[in-house]
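Please open the model in your viewer and keep the selection tool at hand. The stops below are arranged so that each selection leads to the next.

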Amino acid sequence: MSNSSVGRRRLIPRWRVKSSSLSRRFRVPGTKRSLLRFEGRYNPKTLQRELILRDKKPLFWLIGLFALAFIPIAIGQQLVFSIFGSICFFAAVNVFWTLIIGTAGLQSFASLATVGVGAYAATYLSITYGISWPVMLVIGTAFGGLMGLIISIPARRLDGLYYALLTIGISEFCRNYITQSDALGGQFNGALFGADRIVPEEAMQTTTGQTIAYLTSFVVLLISLAIFRVVSGGRIGILLRTAQSSKEDESFASAIGIDFQRARLLVFLIASAALGFVGAFYATNQGGASLSLFSLDQMLLLLAMIVIGGLGKAEGAVVGTVIVVFLNQWFTSWGPWRIVLVGILMLASVLYTRNGLFGLRQQLIEIRERRKALSRATRTTRYGAFLPEQGPEIPDKGVIAEREFERAIRDQLRDWITPEIIEEHRLSPMGQHSDHLERILNYFRKQPISNKYVVYCEESYKAYRVVALSGIPGVPPRSVDDKTYSNLDEAYHAVFLRRINDLKSQH
Amino acid sequence: MIELLASALVLASMYGLVAVGISLTWSSVGMLNLAQGFVFTAGGYVAYLFAQYMAKNFSIRDGLILSLGVVVLGMLGSAVAGLLVGGLAFLPLHDRINFPVRGLIATLAISIIGTQIFMVIFGPQSKPLPQIFGIKRLKFGEFSIAYGQIGTIVVATIVLLLVTLWMRNSRRGLQMRAMMMNPLGANMVGVSVRTTGMIALALSGALSGLASVLLGQIFFVSPTSGVQPLIVGLIISLAGGLGSMPGTVAAAVLLGLVEAVTARYAEQSLVPFAQFALVIAILTFRPRGLGGVLEDVRE
């Protein structure tokens with residue numbers, strides 16, 4: 001943030017550094033990136049070199065992920081493990097869905113179905129051919145990519161809502177297919193279990209087994225965040241952001257040579273394959289797949305998570321997931337009311353925020369800026385020495401304070417100017433005066449030279465005139481009027497009257 | 001054959017009512033109303049409460065008064081629910097940025113909340129609605145058609161015709177069509193976007209309320225009974241072209257026919273497959289649907 005407004009103080013942690021170590025900076029090997037974005041500057045007051053942390057997000061990520069990893073292990077109960085396991089699983093799905101909706105800009109609602117396809121394919125092949133879990137993960141990834149390829153075909157012709165509804169249709173289609181298919185557990189209402197697990201079933205009864213199972217889901221979440229970072233923060237993400245917000249942007253992007261359709265499909269395929277991987281992981285974690293992966297309700301819940309957190313941001317996806325999954329699985333005794341609460345949260349975040357929880361900060365900053373500008377525009381007493389909108393443009397705030405001080409003095413002196421004071425000055429312009437008159441005169445004496453009224457002697461003891469100094473060496477004073485005064489006291493009083501006049505008209 | 005046609009038309013008329021409502025809302029308000037399922041269920045429950053009340057206090061279990069009351073109150077209840085959706089999602093959001101997506105999510109949230117509240121009040125069990133057309137059957141030689149089917153087809157056709165005429169000839173209809181073409185332009189020539197939008201929402205609500213009461217002849221009312229009509233209605237309004245009444249009706253008839261034929265000659269479980277295959281085929285060849293009026297009008 002620049003110093004775009006008056007009087008804002010934001011907490012920016014500073015590190016004093018030696019000026020000899022200024023150019024030393026850690027970079028991630030193989031890239032030009034550094035882990036934390038520091039900005040070097042000189043402190044305007046102490047003139048010492050210091051570093052400012054400009055982007056605090058990585059720190060928050062680190063703290064949040066640490067908490068996510070260690071809270072369930074510290075508590076060590078089965079319920080907490082299962083809640084946090086769901087959080088990791090859904091968060092991974094949501095992160096990839098954010099990649100599809102936010103980065104690629106395709107309104108696909110079939111992401112949970114892609115997870116389901118990966119899970120069912122891996123489970124089925126594991127049960128039928130007895131393959132082990134690493135192969136299941138590979139198979140899930142392959143099937144997810146295949147599913148992505150199939151769904152992406154209509155994306156070339158349809159856009160927006162049409163595509164959204166088509167993908168809803170596709171996931172309903174998948175659900176129906178599984179309820180019909182005997183091989184995929186249709187007779188057990190779609191429950192297909194018996195796949196190879198990462199942590200064997202008997203080990204799941206022990207805390208150690210649960211901890212390992214939880215940590216594997218956490219690793220999947222980390223993988224998903226890493227993929228999000230690489231895809232969305234990399235070159236392809238930049239290309240897609242050019243074509244993101246409107247039709248005009250798309251035309252612009254293609255005009256400067258960005259094949260955004262290809263980039264979009266590539267991101268979609270990557271995300272779909274990754275979703276298939278998450279699905280296969282689900283199968284290896286739960287030992288199978290169930291029909292809830294395809295249900296519309298579950299998808300709406302996922303949408304609620306993304307919307308509450310903020311669309312298009314990884315942190316929004318994760319935090320929204322934490323909130324909704326916690327509400328949904330911790331308060332199970334509330335029955336339907338907890339879903340109502342989720343719905344109300346969703347409605348509130350749509351009605352009152354522009355982009356969920358993580359758009360809130362920007363929104364609040366904008367509201368504050370607007371209020372500040374408004375109050376600055378209506379304020380007449382403070383900053384009165386110059387136009388209100390000039391305020392932000394003066395970098396040295398001391399100047400503002402000085403002008404305010406001068407203005408306060410002028411206001412005070414103006415109140416003191418009375419006919420009695422003027423009469424007192426007329427009677428004796430020089431010599432000892434009352435307190436108020438003395439202060440007024442002192443103020444006048446302090447004023448800058450340019451345009452200062454002075455007495456000009458045309459002829460000694462006979463003719464005096466009032467002139468104004470130019471303030472520039474070599475430029476003569478200008479005459480103010482053509483009145484001449486016969487003695488010095490009258491001339492002094494004339495200067496005094498003019499200065500008082502100016503003081504009254506000045507604000 | 002006649003039985004097949006009759007059941008196809010019954011389905012078509014019910015889907016058509018819901019789909020026309022969705023299509024109308026989308027084209028005039030610019031918001032895809034995913035709470036239409038909730039609106040649909042609300043009408044059903046109001047009609048159910050009315051029937052319960054009549055049976056308990058006046059021991060009226062069938063007859064003209066009950067039928068009329070059920071239909072009128074069902075439509076009224078749904079219209080009120082439509083206004084509620086409008087008040088919660090349309091009025092606060094319609095002049096904000098990113099309205100289409102935010103409106104869609106808001107209506108989705110309303111739908112989630114509404115479904116769960118119905119679950120709390122009425123429980124998950126299905127509630128029966130009275131047979132408003134009686135339970136007799138009309139015989140043609142060897143074929144027979146239930147009065148309910150004929151009544152449903154006739155009522156839906158009349159109502160859809162009335163709505164079409166109203167849209168074409170009345171001043172409100174003119175305003176609504178103006179809003180479909182260009183909301184900003186309509187606003188500039190003095191059409192109140194808020195009033196017209198609320199009327200459109202109430203009207204589409206009343207249409208789905210009617211569909212709900214008519215569907216109550218075949219299915220029962222339950223908290224989630226709105227999901228199926230919503231999905232099918234969305235598909236139909238898509239396939240028909242959002243905003244086009246004739247296209248929507250044509251698509252409704254097509255999908256009803258496909259459903260009836262598939263259920264008759266293949267299996268009931270294959271119905272969604274057949275419907276989706278049809279819709280994908282339509283959208284592949286005409287990406288804006290059969291009617292396809294809203295090419296670049298709404299942005």
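Begin with Thr211(A), which is placed in helix 6 (residues 207–233) of chain A; helices (H or I, at least four residues) and strands (E, at least two) are DSSP runs, numbered from the N terminus. The model is predicted: local features need pLDDT of at least 70, side-chain atom pairs count only at pLDDT 80 or more, and totals for chains, interfaces and linings use all residues. Residues are numbered from 1 along each chain as its sequence is written, chains are lettered from A and ligands numbered from 1 in the order in which they are written, and side-chain values use heavy atoms, with hydrogens and water left out.

Not counting residues up to four places away in sequence, Thr211(A) touches Ile73(A) and Phe81(A); contact means heavy atoms within 4.5 Å.

Next select Thr103(A), in helix 2 (residues 78–103) of chain A. Thr103(A) is buried as well, at a relative accessible area of 8%. Its contacts, leaving aside neighbours within four places in sequence, are Thr98(A), Phe228(A), Ser232(A), Gly237(A), Leu240(A) and Gln244(A).

Select helix 4 (residues 133–155) of chain A: its 23 residues reach 33 Å from first C-alpha to last, close to the 33 Å expected at 1.5 Å a residue. The expected span is 1.5 Å times one less than the number of residues. Among the buried residues of helix 4 of chain A are Gly140(A), Gly144(A), Gly145(A) and Gly148(A). What covers the buried residues includes helix 3 (111–129), helix 5 (160–180) and helix 9 (260–286) of chain A.

Move to helix 17 (residues 488–505) of chain A, where 18 residues should span 26 Å and the end C-alpha atoms are 26 Å apart, in agreement. Its buried residues include His493(A), Phe496(A) and Arg499(A). To see what they pack against, display helix 14 (397–416), helix 15 (419–427), helix 16 (435–446), strand 6 (453–459) and strand 7 (463–468) of chain A.

**Two loop residues**

Which loop holds Asn451(A)? Asn451(A) is in the loop between helix 16 and strand 6 of chain A. Although not a glycine, Asn451(A) has a positive phi of about 60°, and at a relative accessible area of 49% it is partly exposed.

Tyr461(A) lies in the loop between strand 6 and strand 7 of chain A. Its phi is near 65°, a positive value in a residue other than glycine; with 75% relative accessibility, Tyr461(A) counts as exposed.

**Helix packing in chain B**

Now select helix 1 (residues 2–29) and helix 9 (residues 227–240) of chain B, which pack at an angle of about 65° with their axes 8 Å apart. Axes are lines fitted to C-alpha atoms, for helices over the stretch in contact, and angles run from 0 to 180 degrees between N-to-C directions. Helix 1 of chain B and helix 9 of chain B are therefore roughly perpendicular (angles under 35 degrees count as roughly parallel, over 145 as roughly antiparallel, 65 to 115 as roughly perpendicular and the rest as oblique). Residues to display at this contact include Tyr15(B) and Ile22(B) in helix 1 of chain B, and Pro229(B) and Leu234(B) in helix 9 of chain B.

Note on methods. Buried means under 20% relative accessible area, exposed over 50%, partly exposed in between (1.4 Å probe, protein chains only).
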